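The following note sets out points for a colleague who is examining the model. Please read the numbered points alongside the sequence and the coordinates.

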Amino acid sequence: MRPKIDINKLKHLPIIEDMFVDEYGAKSTASRDEFDAKSLAWYCAEVLKNSRKAAGITQQQLADKIGKKRKYVAMLEKGETDIQLSTFIMISEAVSLKFTLTY
């Protein structure tokens, strides 16, 4: 049985955007843009890492397939380095990841 939700407690919860503003600055500021870029890098890294694992290949096997060093793959998976679109496409093909570019 689920406990009842106390509406009064919900009224006092912080708003996530306010928390982001306090921690990283308002939207379109340099500090917030930097945070957003790091967040996107982390998200892409997680997608690639999970796709590699789902394909059942190691970082070294992926590196061999795309002609890069394992250390580079590890850095990508940690979101520690930017990825070129050509490298993203090679990795995507290597792990059978499908994506669509739209404009």
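1. A residue counts as buried under 20% relative accessible area, as exposed over 50% and as partly exposed in between, with a 1.4 Å probe and protein chains only. By this criterion, 21% of the 103 residues of the protein chain are buried.

2. The model is predicted: local features need pLDDT of at least 70, side-chain atom pairs count only at pLDDT 80 or more, and totals for chains, interfaces and linings use all residues. Residues are numbered from 1 along each chain as its sequence is written, and side-chain values use heavy atoms, leaving out hydrogens and water.

3. Secondary structure is taken from DSSP runs numbered from the N terminus, with helices (H or I) of at least four residues and strands (E) of at least two. The protein chain holds six helices and zero strands, and its pattern along the sequence reads α-α-α-α-α-α.

4. The radius of gyration, taken over C-alpha atoms, is compared with a globule rule of 2.2 Å times the number of residues to the power 0.38. For 103 residues a compact globule would have a value near 13 Å, whereas the protein chain has 19 Å. The C-alpha trace spans about 55 × 45 × 30 Å along its principal axes.

5. The accessible surface of the protein chain, from the Shrake-Rupley method with a 1.4 Å probe, comes to about 8300 Å², and carbon and sulfur atoms account for 57% of that area. Charges are counted as positive for Lys and Arg and negative for Asp and Glu, without His and the chain ends, and are placed at NZ of Lys, CZ of Arg, CG of Asp or CD of Glu. The mean positions of the 17 positive and 14 negative charges lie 8 Å apart.

6. A contact means heavy atoms within 4.5 Å. Of the contacts between residues at least 6 apart in sequence, 38% join residues at least 24 apart. For a pair of positions 27 residues apart along the chain, the C-alpha atoms of N50 and E77 are separated by 9.2 Å. N50 lies in helix α3 and is partly exposed, at a relative accessible area of 44%.

7. Aromatic rings of Phe, Tyr and Trp (its six-membered ring) pair if their centres lie within 6.5 Å; planes under 30 degrees apart are stacked, over 60 edge-to-face and the rest tilted. The structure holds three aromatic pairs. One of them joins F20 and Y24, whose ring centres are 6.0 Å apart with planes at 45°, so the pair is tilted. F20 and Y24 are four residues apart in helix α2 (residues 16-24), about one helical turn. F20 is partly exposed at 27%, as is Y24 at 29%.

8. How far apart are the ring centres of F20 and F35? The distance is 5.4 Å, and the planes stand at 45°, so this pair is also tilted. Because F20 lies in helix α2 and F35 in helix α3 (residues 30-55), the pair ties together parts 15 residues apart in sequence. Ring pairs link F20, Y24 and F35 into a cluster.

9. S92, in helix α6 (residues 85-94), is buried at 2% relative accessibility. Not counting residues up to four places away in sequence, S92 touches L97 and F99.

10. Most residues other than glycine have a negative phi. S28, in the loop between α2 and α3, has a positive phi near 70° and is exposed at 67%. S96, in the segment after α6, has a positive phi near 60° and is exposed at 59%.
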